[in-house]
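Please load the model in the viewer and keep the selection panel at hand.

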Amino acid sequence: VAAGVFPHRVKVVEVGPRDGLQNEKNIVPTPVKISLINMLSETGLQVIEATSFVSPKWVPQMADHTEVMQGINKLPGISYPVLTPNLKGFQAAVAAGAKEVSIFGAASELFTRKNINCSIEESLERFSEVMSAARAASIPVRGYVSCVLGCPYEGRISAAKVAEVSKKMYSMGCYEISLGDTIGIGTPGSMKEMLTAVMKEVPVGALAVHCHDTYGQALANILVALQMGVSVVDASVAGLGGCPYAQGASGNVATEDLVYMLNGLGIHTGVDLQKLMDTGTFICNALNRRTNSKVSQASCRL
Amino acid sequence: QESQASGLPEYIKIVEVGPRDGLQNEKVIVPTDIKIELINQLSKTGLSAIEVTSFVSSKWVPQMADHKEVMRGIERHPGVRYPVLTPNLQGFHSAIAAGATEVSVFGAASESFSKMNINCSIEESIEKFEEVAKSAKNMNIPVRGYVSCALGCPYEGNIIPAKVAEVSKRLYSMGCYEISLGDTIGVGTPGSMKRMLEAVMKEIPLSALAVHCHDTYGQALANILTAIQMGVAVVDSSVAGLGGCPYAKGATGNVATEDVIYMLNGLGINTGVNLYAVMEAGNFICTALNKKTNSKVAQASFNIGTI
């Protein structure tokens, strides 16, 4: 792999308000969520995942999904996708004003069983209902595949399985497939192997990577993905969101640290790093926690 | 096989700098016996090079005041090298008297950093190192050269790759067998790492190069990956990520050895080092220092609950 060939631009998909907060212990008040999203909207980010239309029984942090969706400033040129696990969630999301949705598949049967109590095949059937409704309403759908580099229950996940699930979701009509290293155990080696398999089935322009930093590997894994032509990267401001499978361990990669690396590579993101750091400071104060972003922690100013 | 196919080195030597660079940048003064125990534990992990202490005036670096006792007190395992820092001829003689069989000298690619750190210009520091190198050569003592601020300086900001190449070349020409290029404040990214290495590789053979990345901005593993993609096969790191950044209060410094090994293992690259043994040594020193590890691999591994 040539050390020097990178995309000119990378789209950063900010998942802090949803994936990040969902995995934070403290319930965040609705106005704070709304302020967070509004601040993120001022940083240059083009995609901010706002909330999840899932039952509050399962995910209490996202119980205020309707209020959040209705309360945020929706700036032109910015997309505010929301998670919709099924048709009911999709309908609630659209009623609340959502213009883009996401669905979550997995490359592991056991993970799917434990997470949403059905098989991969059954989950895809549920999603096809969402896809039909979304198509009818001209709503774009983003597909996530979890456990692409390993599963907390099954351990190793074959690259072929990831490719198979990705292909199915892409064929169903998802415009983009975000490949998630859910427990952060991947390394540049497994990332490369997985992407090589997936890229046989899904065009690289439709691929994104969603790396967790639980083992400190996220930026190295993202670097390899970029070298292979991936130009969409998910991240979470301040590295919000721990890992639910390893107590006390970190989860999402910090958007600040990602943007710092992309800036250093001369890759255009459109994101203002200082404004992003300020947003991270805001939400960490509100959550009364330290940031997980190393760029934020470093007070060295050059 | 996996690593060969990808153009990466088959084997990477890890140089463990925790007992020196790591502890030197920890606030709490560590008792001599703890230092010795740490080094002894590290000696059993498969590491082939462990930087143990620094023969520098205790006025400047109180943490390293017990350099003689540490040098004399550690177990010397066959196949493991125990380099020590020697900033000048006096330190060198003291190190040899205490039993050192390998030494390191520290240059910088920044004039301001050199002045602020060791109170002399780059040229003056090179002259001092030449004295050390000459004596070392006469005694068949290998010398490793470090170049600080290779990707940026806390005082000067940007550092041009040509300057790094120039200082590296001076150190290599005087007889240093290896040049460790240090991103002292961790500001580098894969872009600046690549440009710097391209310049240095014009002057120094690849096999004599090492990278010493700090993780202050979270970039260390990505920078190391870039370096090994370019063929660098020696990487410095610090157990448990010991050692903060003296230039950015509260920020992290050295990259954690555990996290480096995890990545190299995943790439199919041989290091000879047992990750679990390193994690245990990391756990030992963090307990002794009463601090949390900076290694994410260690954090994740000690906290995995039963699923």
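In what follows, helices (H or I, at least four residues) and strands (E, at least two) are DSSP runs, numbered from the N terminus. The model is a predicted one.

Begin by selecting chain A, in which twelve helices and nine strands are found. Its radius of gyration is 18 Å, close to the 19 Å given by the globule rule for 302 residues, so chain A is as compact as a globular protein of that length. The C-alpha trace of chain A spans about 50 × 45 × 35 Å along its principal axes. Of the 302 residues in chain A, 62% are buried. Among contacts in chain A between residues at least 6 apart in sequence, 76% join residues at least 24 apart.

Next, display the largest nonpolar core, which has 206 residues. Select A:L179, A:I222, B:L171, B:L181, B:L197, B:I224 and B:I228, which touch the most other members. Helix α9 (residues 218-227) of chain A gives the most to this core, with eight residues.

Now centre the view on B:L171. Neighbours within four places in sequence aside, B:L171 is in contact with B:V105, B:I126, B:F129, B:G145, B:Y146, B:V147, B:C176 and B:I179.

Finally, turn to the second largest pocket, which holds about 1300 Å³ of space. Which of its 48 lining residues are the closest to its centre? They are B:Q24, B:V56, B:V61, B:N117 and B:I118. Elements of chain B that give two or more residues to this lining include α2 (18-24), α6 (111-118) and β6 (143-148). By class, the lining of the second largest pocket has 20 nonpolar, 23 polar and five charged residues.

Note on methods
Residues numbered from 1 in each chain as written. Chains lettered and ligands numbered in written order. Predicted model: local features only at pLDDT ≥ 70, side-chain atom pairs only at ≥ 80, totals over all residues. Heavy atoms only, no water. 1 Å grid on protein atoms, 1.4 Å probe; cavity = no way out; pocket = protein on both sides within 12 Å on 5 of 7 lines; lining within 4 Å. Points joined across faces, edges and corners; volume = space filled by probe spheres on them. Nonpolar A, V, L, I, M, F, W, Y, C, P; charged D, E, K, R; others polar. Core = buried A, V, L, I, M, F, W, Y, C linked by side-chain atoms within 4.5 Å. Buried < 20%, exposed > 50% of the residue type's maximum accessible area, 1.4 Å probe, protein only. Contact = heavy atoms within 4.5 Å. Rg over C-alpha atoms; globule rule 2.2 N^0.38 Å.
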